[in-house]
Amino acid sequence: MKEFMTEGNEEDSSIEYIIIENGEEKMVENEDIIESASRKDTQKNDTEKIDIKKSQKRKFQKETTNQKIASQKISKELVKEIMEYVLIFLIALIVMLLLNNFIIINARIPSASMEDTVMTGDRLIGNRLAYKNDIPQRFDVIIFKFPDNEAELYIKRIIGLPGETVTITGGKVYINDSTTPLDDSFTKEIPATTSFGPYYVPSNSYFVMGDNRNNSYDSRYWSHTFVKSEQILGKAMFRYYPFNKISKVD
């Protein structure tokens with residue numbers, strides 16, 4: 001741009017300039033220069049505002065992306081933690097099922113037939129492996145399938161063993177030809193002076209009675225008198241409920 005001052009009054013505030021634009025000389029006044037510069041400043045400010053907005057947008061996008069990444073990370077960790085709990089629960093469930101089907105029996109006492117050894121509503125743990133390498137003994141408290149209906153589970157005490165003869169006279173139990181009755185100190189009360197038998201216990205079978213002799217539906221009254229070996233599920237081991245009565249079952 002070539003600049004020339006024109007002739008005129010020195011006090012004249014209107015100053016003219018010659019601008020060469022596209023090979024042509026143009027006469028412009030100072031106000032035009034100022035206006036042009038103002039437009040350039042405005043354009044510059046607009047450009048700066050656009051740049052600031054773009055920068056803010058990039059910053060917002062970056063923060064949003066970081067938040068998404070953090071959220072995804074938290075979600076993955078939460079899913080992982082939930083899966084760990086689910087896995088623990090499944091393992092515990094499998095262990096419980098294995099224990100309950102192959103090692104222990106969880107039984108609830110439905111009646112008063114075994115009082116006072118165990119009470120109505122008590123919960124017991126029975127050992128399914130008790131007779132794997134052993135045979136049931138007299139006075140064992142066993143959990144078994146009810147001979148008249150195997151869908152039901154009963155709990156009673158073994159009185160007569162395979163091959164024995166059981167006779168109940170005057171409320172007392174005698175085995176074979178013994179004149180001495182069996183110990184009945186575990187019974188709830190003195191048995192009623194009633195008589196039953198004799199019962200000849202088959203092989204692999206057992207004669208059972210409840211400890212509450214005067215209120216027990218047992219081998220004395222069943223259609224199928226004896227409990228077969230294969231109907232015995234396990235030996236009652238201990239009472240775990242009520243918690244204030246946790247104890248071994250004898």
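This note reviews the fold, the salt bridges and one tyrosine of the structure shown above.

1. Basis of the model. The model is predicted, so local features need pLDDT of at least 70 and side-chain atom pairs count only at pLDDT 80 or more, while totals for chains, interfaces and linings use all residues. Residues are numbered from 1 along each chain as its sequence is written, and side-chain values use heavy atoms, with hydrogens and water left out.

2. Overall fold. The chain holds one helix and 13 strands; helices (H or I, at least four residues) and strands (E, at least two) are DSSP runs, numbered from the N terminus. In sequence order the pattern is β-β-α-β-β-β-β-β-β-β-β-β-β-β.

3. Surface and contacts. Of the 250 residues in the chain, 29% are buried; buried means under 20% relative accessible area, exposed over 50%, and partly exposed in between (1.4 Å probe, protein chains only). Among contacts (heavy atoms within 4.5 Å) with a separation of 6 or more, 56% join residues 24 or more positions apart.

4. Salt bridges. Side chains of opposite charge can pair when their charged atoms come close. A salt bridge is a side-chain nitrogen of Lys or Arg within 4 Å of a carboxyl oxygen of Asp or Glu, and by this rule the count comes to seven.

5. Glu115 and Lys188. These side chains meet in a salt bridge (3.0 Å, N to O). The pair links distant parts of the chain, 73 residues apart: Glu115 is in the loop between β3 (104-108) and β4 (123-127), and Lys188 is in the loop between β8 (172-175) and β9 (196-200). Glu115 is buried, at 11% relative accessible area, whereas Lys188 is partly exposed, at 36%.

6. Asp140 and Lys235. Here the salt bridge is 3.7 Å, N to O. Asp140 lies in the loop between β4 and β5 (141-145) and Lys235 in strand β12 (residues 232-241), so the pair ties together parts that are 95 residues apart in sequence. Asp140 is buried, at 10% relative accessible area, and Lys235 is partly exposed, at 27%.

7. Asp184 and Lys172. The closest N and O atoms of this salt bridge are 3.0 Å apart. Because Asp184 lies in the loop between β8 and β9 and Lys172 in strand β8, the pair ties together parts that are twelve residues apart in sequence. Asp184 is buried, at 16% relative accessibility, while Lys172 is partly exposed, at 30%.

8. Tyr221. This residue lies in the loop between β10 (205-209) and β11 (227-228) and is partly exposed, with a relative accessible area of 41%. Not counting residues up to four places away in sequence, Tyr221 touches Phe196 and Ser216. The C-alpha atoms of Tyr221 and Phe196 are separated by 9.7 Å, and the two residues are 25 residues apart along the chain.
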